[in-house]
Amino acid sequence: MRVGVVAEGWADCAVVRNLLKAALGLDAADVQSIRPELQTDETSAGAPTARALSNWQLVREGCERWAAIEAHLDDAFEDARLVVVHIDTAECHLSGFDVPRPDGAADDYVTACHDAVLAALRGWTQGRRDAQLVGAVAVEETDAWILAHYAPERGADTGSLLQPKERLQKALERTNALSDRERESIRRERSMLTRYHCLSEALRKPKTLRAAMAHNASLGRFVARLCDAAEALAPGSCRVHERDT
Amino acid sequence: MALDDERRVFSAENANEGILHVLFLRVLFLHPQGPRLMGIDHLETALNPHLLRHLVKALAGIAAAHDRQALVTTPNPAALAGLTLHDDAQRLFIVSRDDDGHTQARRVTVKPEHAVNGAKLKLSELWMRGLLGGIPTHF
């Protein structure tokens, strides 16, 4: 199976890649970043019009333009193919995104926010290739997914916490899951792809992913949708439902 | 500039490297005592990408006609323009490493009744866009 990824940035791409390893057993070579990078060269990526857009706008643009996603899902290829579209909800209230942020104090805030952004994402893709397109909606930020591993809170969804990026940094300082050497290595890493790959490396194991899913509903919903889509194309491909391996 | 008659000869050492490479390959594929099975690393050496397409197509035809088989490696997407994946004798494999560092070879197959991407994109473009795999993933 080959999976294409449309993501806001390299950090999100790295995390999604690790989740794909846990959920479907895919290696990095099986996962292709459709966005960022591969649809442009440095000349077009550096053009003033491209620089003016924020990351979520580029994801929206990629969905609406569709050609790059359609090319990945081309029916001519005989291997099973999926595309994961990742987006954070942190800026969902902005003009152009146009998803009213649900009441943050409500019990169902995380799932309501997740479902509203997923519906917006489906609007951008106009429901095309619905069976092969998997929305990866991270409520607030992808950091909240990683936070569910390093600092799970009993009875609280890490997607409902404010400033997950800052919380994750603090959690990394005190977690026993990393050695001092690993902590320092991550802190010094300049490549966002490598940094977030290391940060979310533990989530490559199905057992660890299952535990994190219990503390972040948007992560759980993404993985469940991913497994459903993969199982429909290639039965037996989902590893999350298996016993620990 | 006109050359004198006696100077209108280009010796092999004056031909460019690409031409020598093409001549060498044609001899290799056509010579009666040439190998039936051969491995060729970096087929694209010293060739213009557009010429590479024609070289691949020509060698595929010669190999079929003269009972030769060649395992060819190339990091140049233009080579794919000379292949037809609808011919089972011409096979494309993506060779990469898995996450444990082990070499993996995966054949790229297309359904017989389909033009890849509706013929909107060339195979070489699909490779460059990452749609076939076979590109570095750690940048």
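1. In this predicted model, helix H4(A) is followed by A:Trp66, a residue whose phi is positive, near 70 degrees. Helix H4 itself spans residues 55-65 of chain A, and its buried residues are A:Leu58, A:Val59, A:Arg60, A:Gly62 and A:Cys63.

2. Which residues of helix H10 (residues 192-199) of chain A are buried? They are A:Leu193, A:Tyr196, A:His197 and A:Leu199. These residues lie on the same side of H10(A), because they cover an arc of only 165 degrees around the axis. As background, residues three or four places apart in an α-helix point the same way, because the helix has 3.6 residues a turn. Among the elements covering the buried residues of H10(A) are helix H1 (10-24), helix H7 (142-150) and helix H9 (180-188) of chain A.

3. In soluble globular proteins, nonpolar side chains tend to be buried together. The largest nonpolar core here has 62 residues, and the members that touch the most others are A:Val5, A:Val16, A:Leu19, A:Ala23, A:Val84, A:Val85 and A:Val137. H1(A) gives the most to this core, contributing ten residues. Leaving aside residues up to four places away in sequence, A:Val84 touches A:Val3, A:Val5, A:Val16, A:Val134 and A:Ala136. There is also a second, separate core of 16 residues, which includes B:Leu47, B:Leu59, B:Trp127 and B:Leu131.

4. Chain B contains a parallel pair of strands. Strand E1 (residues 37-40) and strand E2 (residues 69-72) of chain B pair in the parallel sense over four bridges. Within this pair, B:Ile40 stands opposite B:Val72 in E2(B).

5. Strand E3 (residues 92-97) and strand E4 (residues 103-108) of chain B pair in the antiparallel sense, with six bridges. B:Ser96 has B:Gln104 as its bridge partner in E4(B). The hairpin of E3(B) and E4(B) has five residues between the strands, and B:Gly101 in this hairpin takes a positive phi near 90 degrees.

Definitions and conventions. Residues are numbered from 1 along each chain as its sequence is written. Chains are lettered from A and ligands numbered from 1 in the order in which they are written. This is a predicted model: local features need pLDDT of at least 70, side-chain atom pairs count only at pLDDT 80 or more; totals for chains, interfaces and linings use all residues. A residue is buried if 20 or more other C-beta atoms lie within 10 Å of its own, exposed if 12 or fewer, and partly exposed in between; C-beta atoms are placed from the backbone. Helices (H or I, at least four residues) and strands (E, at least two) are DSSP runs, numbered from the N terminus. The arc is that of the directions from the helix axis to the C-beta atoms. Two residues are in contact if their C-beta atoms, placed from the backbone, lie within 7 Å. Two strands pair if DSSP finds at least two bridges between them. A nonpolar core is a set of buried Ala, Val, Leu, Ile, Met, Phe, Trp, Tyr and Cys residues joined through C-beta atoms within 7 Å.
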